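Reader: Could you take me closely through the core of this protein and the sheet that goes with it, giving the cut-offs behind each term as you use them?

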Amino acid sequence: MSAPAASEAFVHPALFYRTAEEYTQQTVSFLREGMAAGEPMAVAVPGPNLELIRRGMGSAAEDIVFLDMTEAGRNPGRIIPKVLRGFADAHPQGRVRIIGEPIWAGRSVTEYPACAQHEALINAAFEGRPVTILCPYDETHLDAAVLADARVTHPTLISGGLEQSSDSYDWQSVVARYNEPLSPAPNAAVFSFGEAELREVRYFAVEQAGRLGLTGTRLQDAELAVGELTTNSVVHGGGSGTLAIWAEQGQVVCDIRDGGRFTDPLAGRKPPEPGQLGGRGLILVNYMADLVRVHTSAEGTTIRFYLNL
């Protein structure tokens with residue numbers, strides 16, 4: 001893949017690989033092209049792949065920012081604002097080059113819809129910016145449906161060392177397809193609230209989350225996230241809402257639904273501008289939670305966040 005000029009638009013290829021050797025060769029080649037062009041570079045991939053790239057780059061790795069995506073991107077909703085925009089915005093002059101691998105074989109079926117939407121929304125978040133983000137996909141271990149989605153969320157595909165345009169590129173369709181209705185668990189504790197109950201619903205969340213096993217800073221995260229989202233429901237979601245909370249598969253799940261509707265697909269994924277007073281609630285939740293799922297329609301919006309026990 002040749003290094004694009006700084007004046008060119010956003011470049012977002014998917015790299016399909018089958019072996020560790022192929023992965024290393026393709027990613028190292030991509031980074032060496034960026035190095036030759038003098039581009040700032042970051043690598044955010046799962047830990048084992050991080051080491052493959054680091055070793056492949058040798059001493060040149062010292063000039064690259066490395067992030068373990070299993071930690072930095074545990075919640076797909078914070079990858080755009082904190083990882084990708086965080087690096088790109090710190091280098092506003094010229095083209096920036098990033099390797100981002102947000103989808104790996106260990107991702108759960110609950111996480112995957114948020115991962116797919118993240119890959120689609122990268123195209124909106126960086127439209128018109130001189131940024132190149134290469135997204136590797138493991139053809140050996142990922143499901144065929146995941147690989148098919150990659151062809152829809154990436155305008156350019158690289159496989160077997162050959163680069164071509166995707167004939168199925170349509171990122172908006174993936175955002176819409178994974179805008180899935182979310183139903184609370186049958187055993188959830190439920191609290192309906194309006195403006196007068198904002199303090200009470202926060203206390204209820206803390207009591208229930210503690211009973212389910214959250215402690216320390218995780219319990220504080222739950223309180224802050226519920227406070228932000230319930231306040232948003234009152235201010236922007238029709239004046240009232242419902243909180244449901246339960247535990248599943250080693251996580252506490254908080255589900256807030258109201259009568260509002262999101263019109264900006266990047267809501268909660270854009271870093272706040274300097275001096276910005278409002279609009280920070282959902283991005284704060286994305287930064288704190290281990291996973292955030294959203295469903296929005298004409299009937300209302302559900303925001304569900306997960307905190308590991």
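Author: The largest nonpolar core has 39 residues, and Leu84, Phe126, Ile133 and Tyr137 are those with the most contacts inside it. A nonpolar core here is a set of buried Ala, Val, Leu, Ile, Met, Phe, Trp, Tyr and Cys residues joined through side-chain atoms within 4.5 Å, where buried means under 20% relative accessible area, exposed over 50% and partly exposed in between, with a 1.4 Å probe and protein chains only. At least two residues of this core come from each of strand S1 (13–17), strand S2 (41–45), helix H4 (79–89), strand S4 (96–100), helix H5 (112–125), strand S5 (131–138), helix H6 (144–153) and helix H7 (171–177); helices (H or I, at least four residues) and strands (E, at least two) are DSSP runs numbered from the N terminus. H5 gives the largest share, 7 residues.

The model is a predicted one, in which local features need pLDDT of at least 70 and side-chain atom pairs count only at pLDDT 80 or more, while totals for chains, interfaces and linings use all residues. Residues are numbered from 1 along each chain as its sequence is written, and side-chain values use heavy atoms, with hydrogens and water left out.

Leu84 belongs to H4, a mostly covered helix with 8 of its 11 residues buried, namely Ile79, Ile80, Pro81, Val83, Leu84, Arg85, Phe87 and Ala88.

As for the sheet, 7 strands form an open arrangement in the order S3-S2-S4-S5-S1-S6-S7, with mixed pairing; two strands pair if DSSP finds at least two bridges between them. Its edges are strand S3 (65–68) and strand S7 (162–165), each of which pairs on one side only, and the twist averages 20 degrees from one strand to the next, with axes fitted as lines to C-alpha atoms, for helices over the stretch in contact, and angles running from 0 to 180 degrees between N-to-C directions. S2 and S4 are parallel, with 4 bridges between them, and Ala42 has Ile98 as its bridge partner in S4. Strand S6 (residues 156–159) instead runs antiparallel to S7, again over 4 bridges, with Thr156 bridged to Ser165. Their hairpin has 2 residues between the strands, and Gly160 takes a positive phi near 60 degrees there.

A second, separate core of 28 residues includes Val201, Val252, Cys254 and Ile256. Turning to Phe204, this residue lies in helix H8 (residues 198–212) and is buried, with a relative accessible area of 15%. Beyond residues up to four places away in sequence, Phe204 touches Ala189, Val190, Phe191, Leu243 and Ile245; Ile245 is 41 residues away in sequence, with a C-alpha to C-alpha distance of 9.6 Å.

For the chain as a whole, 53% of the 309 residues count as buried, and residues 24 or more positions apart account for 70% of the contacts with a separation of 6 or more.

Notes:
Contact means heavy atoms within 4.5 Å.
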